[in-house]
Amino acid sequence: MKADRYGVVTLEGRHRYSADRANAGRGVIVGLRALEVEVLDSSGKHLATHPRAYGQASTNSEDPSMQLALLCNKPASWPNSRVRDALPDPLREWLDRQDGQTRNEALQTLKRVDRESGWANAVEAMLSILESTGGADRAGVTLLAARLAEGVAGIEYDDDRPDLSEYDIAFTADVGVQEGGR
């Protein structure tokens, strides 16, 4: 099949599947299976796998990570983007409130981490960092997404942690100089 100008192939006139923007207007190989649609480039390199859609209603299985590069190039299209629609509410709402530069930096981080660790890990990491710090710094998101991609579990702390308030008292107490110069 030939991908359209957005790198999307349409099956049965109503079911759209992303083939990657880099393959816009090019021939791609589409493998139909009972539960999935696999898209390969003309040389047989895997581009994407989507759940197969059935029925009369139109569907769109475009991968938000494939739209992310376009969004990073045209950040003003954020309000109407598929990427925005694909994000969980807290992350989407936070990005909506950001100024253009902060939003673009966060989207660039999401794009980079998506390439390295996958869409689901990138989104989960960004949401987790946002919830714990109130922001989405690149280093934190990158590290957490890499841990998620590798299957490394987070550190669980017991409730019986030591009480460190004694150290606060020791360092804040007005200690006079003792005899002997100490």
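**Entry 1: salt bridges**

I count a salt bridge when a side-chain nitrogen of Lys or Arg lies within 4 Å of a carboxyl oxygen of Asp or Glu. The model I am reading is predicted, so I take local features only at pLDDT of at least 70 and side-chain atom pairs only at pLDDT 80 or more, while totals for chains, interfaces and linings use all residues. Residues are numbered from 1 along each chain as its sequence is written, and side-chain values use heavy atoms, with hydrogens and water left out.

Side chains of opposite charge can pair when their charged atoms come close. By the rule above I get 7 salt bridges.

I looked up Asp89 and Arg92 to begin with; their side chains meet in a salt bridge at 2.5 Å, N to O. Both residues sit in helix α3, 3 residues apart, or about one turn of the helix. For the record, helices are DSSP runs of H or I with at least four residues, strands are runs of E with at least two, and both are numbered from the N terminus. Are the two partners buried or exposed? I call a residue buried under 20% relative accessible area, exposed over 50% and partly exposed in between, with a 1.4 Å probe and protein chains only. Asp89 has 42% relative accessibility, so I note it as partly exposed. Arg92 has 16%, so it goes down as buried.

I also found that Glu12, Arg14 and Arg52 are joined into one network by salt bridges that share partners.

**Entry 2: pairs across the chain**

Which residue does Arg16 pair with? Its partner is Asp4, and the closest N and O atoms are 3.6 Å apart. Arg16 lies in strand β2 (residues 15-18) and Asp4 in the segment before β1 (8-11), so this pair ties together parts 12 residues apart in sequence. Arg16 is partly exposed, with a relative accessible area of 25%, and Asp4 is partly exposed too, at 24%.

Next I checked Asp96, which forms a salt bridge with Arg84; the closest N and O atoms are 2.7 Å apart. This pair links distant parts of the chain, with Asp96 in helix α3 and Arg84 in helix α2 (residues 82-86), 12 residues apart. At 30% relative accessibility, Asp96 is partly exposed.

**Entry 3: helix packing**

Two packed helices are described by the angle between their axes and the distance between the axes. My axes are lines fitted to C-alpha atoms, for helices over the stretch in contact, and the angles run from 0 to 180 degrees between N-to-C directions.

Helix α4 (residues 100-117) packs on helix α5 (residues 119-133) at about 135°, with the axes 7 Å apart. That makes α4 oblique to α5. My classes are roughly parallel under 35 degrees, roughly antiparallel over 145, roughly perpendicular from 65 to 115, and oblique for the rest.

Helix α3 (residues 89-97) packs on α5 at about 70°, with the axes 9 Å apart. That makes α3 roughly perpendicular to α5.

Gly100 is in helix α4, and at 46% relative accessibility I list Gly100 as partly exposed.

Tyr167 belongs to helix α7 (residues 165-172). With 52% relative accessibility, Tyr167 counts as exposed.
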